[in-house]
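I am opening a notebook on a structure that is new to me. I want to look up how its parts meet and what lies inside.

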Amino acid sequence: MEYQVFTAVIASLIALLAAALFGIAAPLFKQSTMKLGEITLSAVKEKPRETISRIIKNKFFLVALVLQLVGGLIFWTALSLTEVTLVVPIMSSTYVFTALYSKFVLNETITGKEAIGILIVLVGVVILTFPVA
Amino acid sequence: MRGPMLAIFAGTLIGVGNPLIKFGMQTAGISEFLFFSISQWFALIANGYFLLGMFSSMAGIGLFIISLSQGKASVLNPISGGVSYIFVIILSGLMLAELITLQKIIGMIVILLGISLLGGSKQWNTKSSQQ
C-alpha cells in the first residue's frame, strides 16, 4: 500500500513536470511568431510558404517543439506508472505554467478577470477528468 | 477571424481530431497501438478517419500558433485547450459511445464559463513586450 502511494506521488510529480513543459511550449510558440508581428489568416493565404517557413525556422519554434515532444514522453511515463484518472486532471495545471511564463518572460499583463477565467477553465478540466468515487 | 475566435476554432479542430484518430484506430482494427509497428502504420495511413483526424489536429495547431501571434498566450492557451476538451467529450460520446455523464456536463459548463470570461476580456491582444 505504501509503495502504491509512493508511486502515485512520483507519477503526480512527473505529470506536473509534463504540464510545465506543455505550458511553457505555448508561449514559446508565440515567441516564434514575434518577429513576424501579428499574423493574419489572409497573410498566410497570400504567402503560405514564406510565412510558415519563417515561423518554423525560428529557435523558439524548435525549443517549443522539443518541449512538446519531451513533455509527451514524460506524460506517457506518468501514465504508465499510475492511473489515467490521476494524471489527466494534473495536466490542467498547464494553463498556470503558461500564465506564469507569459507574465514573467513575455511581460504579459494578466487582469483579475483573466486570472479568474484561467482558474475556472482549470477547475472545469479537473471536474471533467476527475474520477468519481 | 482573430484572437479568441481563432483560438476557439483551433481548439475545435484539435478537439475533433482526437476522437477521429481513435475512431480510425478502432475501424482499422487496432486495439493496442504500437508506434514501432509498421503494419499498424500502414493500416492507419489507409484509414480515412485517422487521416481526417490527423489533418484536423495539425490544422488546429497551425491556427493556434497564428492566434498566438495576435494575442496573449496566457489567455488564448486555456481558451483553445478548454474548447478542445469539450469537443473531445462530445465527439467521443457520439462516435465512440463513451458515456457523457452529469459530471462531464458540469465540467463542460464550467469550462464554457471560464472561456466566456477569457474571450470577453478586452485586453486579449495587449501587446506583450517584444524581445
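For the first entry I take contact to mean heavy atoms within 4.5 Å. The model is a predicted one, and I keep that in mind throughout.

**Entry: the two chains**

I looked up how many residues of chain A are in contact with chain B. I found 42 residues of chain A in contact with 43 residues of chain B.

The size of an interface is often given as the accessible area lost when the parts come together.

Next I checked the polar side of the interface. Between chain A and chain B I count 12 residue pairs in polar contact, with both residues at pLDDT 80 or more. I also count two salt bridges between these chains. One of them joins the side chains of B:R2 and A:E38, at 2.6 Å from N to O.

I then asked which helices of chain A supply at least two residues each to the side that touches chain B. They are α1, α2 (41-46), α4 (59-81), α6 (94-104) and α7 (112-129). The largest share of that side, 13 residues, comes from α7(A). Sorted by class, the side of chain A that touches chain B holds 24 nonpolar, 13 polar and five charged residues.

**Entry: the nonpolar cores**

I looked up the largest nonpolar core and found 53 residues in it. Which of them touch the most other members? They are A:F29, A:F75 and A:M91. Helix α1 of chain A, residues 2-33, gives the largest share of this core, with 10 residues.

Another core, of five residues, lies apart from it, and B:I21, B:I30, B:L44 and B:F50 are among its members.

I went back to A:F75 and left aside its neighbours within four places in sequence. A:F75 is then in contact with A:A18, A:F22, A:V87, A:V88 and A:M91.

**Entry: one serine in chain B**

I picked B:S37, which is found in the loop between α1 (3-27) and α2 (38-45) of chain B. Is B:S37 buried or exposed? Its relative accessibility is 14%, and buried means under 20%, so B:S37 counts as buried.

The side chain of B:S37 reaches the backbone nitrogen of B:Q40 at 3.2 Å. I also looked up B:S37 against B:V75: they are 38 residues apart in sequence, and their C-alpha atoms are 39 Å apart in space.

Methods: Residues are numbered from 1 along each chain as its sequence is written. Chains are lettered from A and ligands numbered from 1 in the order in which they are written. This is a predicted model: local features need pLDDT of at least 70, side-chain atom pairs count only at pLDDT 80 or more; totals for chains, interfaces and linings use all residues. Side-chain values use heavy atoms; hydrogens and water are left out. A nonpolar core is a set of buried Ala, Val, Leu, Ile, Met, Phe, Trp, Tyr and Cys residues joined through side-chain atoms within 4.5 Å. Buried means under 20% relative accessible area, exposed over 50%, partly exposed in between (1.4 Å probe, protein chains only). Helices (H or I, at least four residues) and strands (E, at least two) are DSSP runs, numbered from the N terminus. A salt bridge is a side-chain nitrogen of Lys or Arg within 4 Å of a carboxyl oxygen of Asp or Glu. A polar contact is a pair of N or O atoms within 3.5 Å; within protein, one must be able to donate a hydrogen and the other to accept it, and residues adjacent in sequence count only if both atoms are side-chain atoms. Ala, Val, Leu, Ile, Met, Phe, Trp, Tyr, Cys and Pro count as nonpolar, Asp, Glu, Lys and Arg as charged, and the others, Gly among them, as polar.
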